[in-house]
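Thanks for coming, everyone. I have one structure for you today. Let's get it on the screen.

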Amino acid sequence: GLGKINGDQKLGNFDTVFIASEADGVAVRSLVSLDNGRTWAPSNFMRPESLSAFGSLTAPPAPLAIKDLVTDLRVATFIARADSLDLSNEVALDGSVTLEILY
C-alpha cells in the first residue's frame with residue numbers, strides 16, 4: 001500500500017510491471033508462479049508472495065537460466081477516492097517494495 005490516514009484509512013496501492021525484458025540480448029517474457037515454482041504462467045505483474053522469472057517468448061512458460069537481464073520496471077500508483085478519505089491535513093505517501101533476487 002501507500003500508507004494510511006488516521007491509522008486505518010488506506011491511502012491507495014501500487015502495481016509493479018516488467019516491460020521490454022531482454023535476457024542475454026534476446027527478448028523474453030516475464031512469468032509468475034503462485035505455487036513456489038511448481039507451475040508458471042505469463043504475467044507482467046509482480047505479485048506479493050509469488051515468484052517472478054523470465055522465459056522464452058515461444059516455448060511453454062518455464063524460467064530460463066540467465067546471465068544478464070535488462071528490464072524496465074514500471075510502478076503505477078492508485079490513490080483511493082477522495083470522498084473515502086479524511087484529507088483535512090497533508091498526507092505523505094509511504095510505500096516501499098523490496099525485491100529479493102534468488103539465483
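Start with L31: it stands opposite P42 in β6. This is a predicted model, where local features need pLDDT of at least 70, side-chain atom pairs count only at pLDDT 80 or more, and totals for chains, interfaces and linings use all residues. Residues are numbered from 1 along each chain as its sequence is written, and side-chain values use heavy atoms, with hydrogens and water left out.

Now the strands. β5 covers residues 29–33 and runs antiparallel to β6, with 2 bridges joining them. Two strands pair if DSSP finds at least two bridges between them. The open sheet has 3 strands, ordered β6-β5-β8, with antiparallel pairing. What stands at the edges? β6 (41–42) and β8 (51–55) do; each has a single partner strand, so one side of each lacks a neighbour in the sheet.

Step back to the chain. It has 0 helices and 9 strands. Those are DSSP runs numbered from the N terminus: helices are H or I, at least four residues, and strands are E, at least two.

Next, overall shape. The radius of gyration is 17 Å, while a compact globule of 103 residues would be near 13 Å. That radius is taken over C-alpha atoms, and the globule rule is 2.2 Å times the number of residues to the power 0.38. The C-alpha box is roughly 55 × 25 × 20 Å along the principal axes.

Last, burial. Of the 103 residues, 20% count as buried, meaning under 20% relative accessible area with a 1.4 Å probe, protein chains only.

Terms used: Buried means under 20% relative accessible area, exposed over 50%, partly exposed in between (1.4 Å probe, protein chains only).
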